Amino acid sequence: MIIYGVALLSACLVAGLYLGELLGSLIGVQANVGGVGIAMLLLIVIHNLPRFRHLTTGPSAGGITFWSAMYIPIVVAMAARQNVVGALDGGLLAIAAGVGAVVVSFALIPLMSRIGTAPAGNAEPDDD
Amino acid sequence: MTELVDVITANQLIVAFAVVGIIMWFSYWLTDTLTGGRIHGSAIAIVIGLVLAWVGGTRAGGSRGIADIEIFAGIGLMGGAMFRDFAIVATAFGVDWHELKRAGIAGTVSIFAGVVVSFVVGALVAVGFGYSDPVAITTIGAGAVTYIVGPVTGAAIGAGSEVIALSVAAGLAKSILVMTSTPAVAKLIGLDNPQAAMVFGGLMGTTSGVTAGLAATDPKLVPYGAMTATFYTGVGCLLVPSVLFLVVRGMLA
């Protein structure tokens, strides 16, 4: 059933966000530390466990792939609710700080993408 | 007319689905007819979204773009953190576990490097604009990390509200720039594989910027970038008000 996939997805997100909050208060930070990332890891792990196969295959999978396909429209809605006026109101300083951070970070991507790629790392056995 | 407005305001989220659908259709029509498909339809849709956000912000004067206009309020829910995070997690369904592991170290290093680099650039810009108070410089640098790290840092080290507002604006400028410029520079910086996407997410860190930028570049890369980006703000909130603030204060003393 489709709802099984949707329910699994929401369980992963809630669990991940909760762990992210716990991690945040553990290191004394007023922010959710990696909650969404943890939720993604949970989903990937469960997807690979035979025991939960009925939640991630067949019609149930449709409940997950639907939301994955809704991702871009949701991002468009997210763009439409950004505080664009606030960014422009910050004036030259705010824009310069933002632009500078982006330009320097972009320049670093080709360098950092090479970390750890020297030895071909595909020798790991498939741990399905 | 009032009946129509009543129906729309009573079904905000449903209306948002239709509105975003129309934006998507229009964007793909534009990209096919004007650019022959060379610019990604979703890139155009995101830019249209940002323009609408600007229109909404100037008309309604709020901080939530078009969502502050009542009949478009559902856009606020659809594009808010709840649905965004739900959809991001769903994209992980297609993730290759081995790619994730292989890029793990580069991705992790990039989170820390990204926080420090953005902070330093933001702090230097603040100095360049004549700031000499370590609290203000640190807060503005924090804003260049993300628009969440800015106010969190400002509150923690006692910055004034004007400086905090500046730091939020710097973070917003960064986020919007990442959204719009990523598809244009992707080829130049080699952003075409999972490992580069994880590094990109870690270096940029703004979840909205990274996820929208990758969506407009190659949707298959979204989960890899999102994975590292969601750790970035937490690391920023950890490092900036503590270590990096002490460094700035030490250098100015």
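Helices (H or I, at least four residues) and strands (E, at least two) are DSSP runs, numbered from the N terminus. By this convention, chain A contains seven helices and zero strands, and its sequence reads as the pattern α-α-α-α-α-α-α. The structure is a predicted model, in which local features need pLDDT of at least 70, side-chain atom pairs count only at pLDDT 80 or more, and totals for chains, interfaces and linings use all residues. Residues are numbered from 1 along each chain as its sequence is written, while chains are lettered from A and ligands numbered from 1 in the order in which they are written.

**Confidence**

- The model scores ipTM 0.84 and pTM 0.81.
- Chain A has a mean pLDDT (the predictor's confidence in each residue, from 0 to 100) of 83, and 90% of its residues reach 70 or more.
- For chain B the mean pLDDT is 88, and 100% of its residues reach 70 or more.
- Among the elements of chain B, helix 6 has the lowest mean pLDDT (78), and helix 4 (residues 73–78) has the highest (93).

**Chain A and its helix 2**

- Of the 128 residues of chain A, 49% count as buried, that is, 20 or more other C-beta atoms lie within 10 Å of the residue's own; exposed residues have 12 or fewer, and partly exposed ones fall in between, with C-beta atoms placed from the backbone.
- Among contacts in chain A between residues at least 6 apart in sequence, 53% join residues at least 24 apart.
- Helix 2 of chain A has 13 residues and spans 18 Å from its first C-alpha to its last, close to the 18 Å expected at 1.5 Å a residue, where the expected span is 1.5 Å times one less than the number of residues.
- Ten of the 13 residues of helix 2 of chain A are buried, including A:Gly35, A:Ile38, A:Leu41 and A:His47.
- These buried residues pack against helix 1 and helix 3 (53–56) of chain A, together with helix 5, helix 6 (97–102) and helix 13 (222–252) of chain B.

**Interface between chains A and B**

- The contact takes 67 residues from chain A and 93 residues from chain B.
- Helix 7 of chain A provides the largest share of the side of chain A that touches chain B, with 17 residues.
- That side of chain A divides into 43 nonpolar, 21 polar and three charged residues; Ala, Val, Leu, Ile, Met, Phe, Trp, Tyr, Cys and Pro count as nonpolar, Asp, Glu, Lys and Arg as charged, and the others, Gly among them, as polar.

**A helix pair across the interface**

- Helix 4 (residues 59–69) of chain A packs with helix 5 (residues 81–91) of chain B at an angle of about 115°, with the axes 7 Å apart; axes are lines fitted to C-alpha atoms, for helices over the stretch in contact, and angles run from 0 to 180 degrees between N-to-C directions.
- A:Ile64, A:Trp67 and A:Ser68 of helix 4 of chain A meet B:Phe86, B:Ala87, B:Ala90 and B:Thr91 of helix 5 of chain B.
- The residues of this contact comprise five nonpolar, two polar and no charged.

**A loop residue of chain B**

- B:Leu188 lies in the loop between helix 10 (161–185) and helix 11 (194–204) of chain B.
- B:Leu188 counts as exposed because 11 C-beta neighbours lie inside 10 Å.

Note on methods
Contact = placed C-beta atoms within 7 Å.
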